[in-house]
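User: Hey, I'm new to this one. Could you walk me through it?

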Amino acid sequence: MLYIIDNPNQGMWHVFQLVDPEPDAQAVGFIRFKEQFRLHLTELVRHVSMKIKKNTDEAIWIRIAWGDSYSQPNNMLPTYVVHYLQTPYVFVTRLKSKQKPLLFQALIMATRHKAIKDANLSGRKLTEIRDLLMQQYGQVFPARYPSPLEDRNQTVSDPHLHQEHTKTELNRHQMAYEAFGSGKLPQLQSAVYKLETKFKDPTNQTMTKREKPFKCVVTFASTNLLESLRHCASSGIASTPVTPLLSSIPRKGRNYFVITDGVQEPSRRNNGL
């Protein structure tokens, strides 16, 4: 457990959000949470072992080895859970679908909430997605990008062409940094967009007259997705202005979206990990 705390980027972390707190939710401290979580989970699962530790940054780390009615806990495939008290967010990795309702029930009871939902955010770097949700990363959206392009001392054959090129390049940088800011961006690895809409094409009546919506999934992936998107916009690889569907990722703290006819709706993604 100490190794994972020191090296949290070992797998894919998924974020869930506690909702509808009870009146006494803010009064839950570490000791009470620890006792209640252990009590409720052991009531739900016959064979389970867990370790609960409060880290120096106030995060509660939970290591759960799961068993069932017929087998002892498997310590080779544990689930890790991270929760900051008095915040609604829970970070989970290595959780199987059949274990999810058991973990969620114990979390709801221990934190004094009524429900928990998918926050539609995942990533390999726990610190990055935590800072994104809790707005702890610095991001500045400049009104004007202070580019050194205007000061370049270059020999050009046509000064008018150089002036137009410089203006275009400055405009691209301005739009990229207005969309994503000029500071360090959270390091996400992917963004998924699920499209559910009626097919509309007068030349293809077969598809247009279908009652069921047309569905497709588009995934953007990179070792540092947001930085890649900003670079694509500022370098001219991608057109500007940047679509809000991409630029809203850091503002909304999400990287999974469902899009229907002209409306962006909350995700209906299956909560299985």
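User: Before that, what kind of model is it?

Analyst: It's a predicted model: local features need pLDDT of at least 70, side-chain atom pairs count only at pLDDT 80 or more, and totals for chains, interfaces and linings use all residues. Residues are numbered from 1 along each chain as its sequence is written, and side-chain values use heavy atoms, leaving out hydrogens and water.

User: OK, how many salt bridges does the structure hold?

Analyst: There are eight salt bridges. The term means a side-chain nitrogen of Lys or Arg within 4 Å of a carboxyl oxygen of Asp or Glu.

User: Which residue does D24 form a salt bridge with?

Analyst: D24 pairs with R112, and their closest N and O atoms are 3.2 Å apart. D24 sits in the loop between β1 (13-21) and α2 (30-44), and R112 in the loop between α3 (100-111) and β6 (113-123), so the pair ties together parts that are 88 residues apart in sequence. Those helix and strand labels are DSSP runs numbered from the N terminus: helices are H or I with at least four residues, strands are E with at least two.

User: And how exposed is D24?

Analyst: D24 is partly exposed, with a relative accessible area of 26%, and R112 is partly exposed too, at 28%. Buried means under 20% relative accessible area, exposed over 50%, and partly exposed in between, using a 1.4 Å probe and protein chains only.

User: Which residue does K184 meet in a salt bridge?

Analyst: K184 meets E128, at 3.2 Å from N to O. K184 is in the loop between α5 (159-180) and β7 (190-197), and E128 is in helix α4 (residues 126-133), so this pair ties together parts 56 residues apart in sequence.

User: Is E128 buried or exposed?

Analyst: E128 is buried, with a relative accessible area of 16%, whereas K184 is exposed at 57%.

User: What else is E128 in contact with?

Analyst: Leaving aside neighbours within four places in sequence, E128 is in contact with K184, L185, P186 and Q187; contact means heavy atoms within 4.5 Å. The E128 side chain also reaches the backbone nitrogen of Q187 at 3.0 Å.

User: How many residues of α4 are buried?

Analyst: Seven of its eight residues are buried, so α4 is mostly covered. The buried residues of α4 pack against β1, β3 (59-66), β4 (79-84), β5 (89-93), β6 and α8 (244-252).

User: Switching topic: which residues lie nearest the centre of the largest pocket?

Analyst: W66, G67, K96, K98 and Q99 do, out of 17 lining residues. On a 1 Å grid over the protein atoms alone, a pocket is an open set of points where a 1.4 Å probe fits, with protein on both sides within 12 Å along at least five of seven lines; lining residues have an atom within 4 Å of a point.

User: How much space lies in the largest pocket?

Analyst: About 330 Å³, where volume is the space filled by probe spheres set on the points.

Technical notes: Polar contact = N/O pair within 3.5 Å; in protein donor to acceptor, adjacent residues only side chain to side chain.
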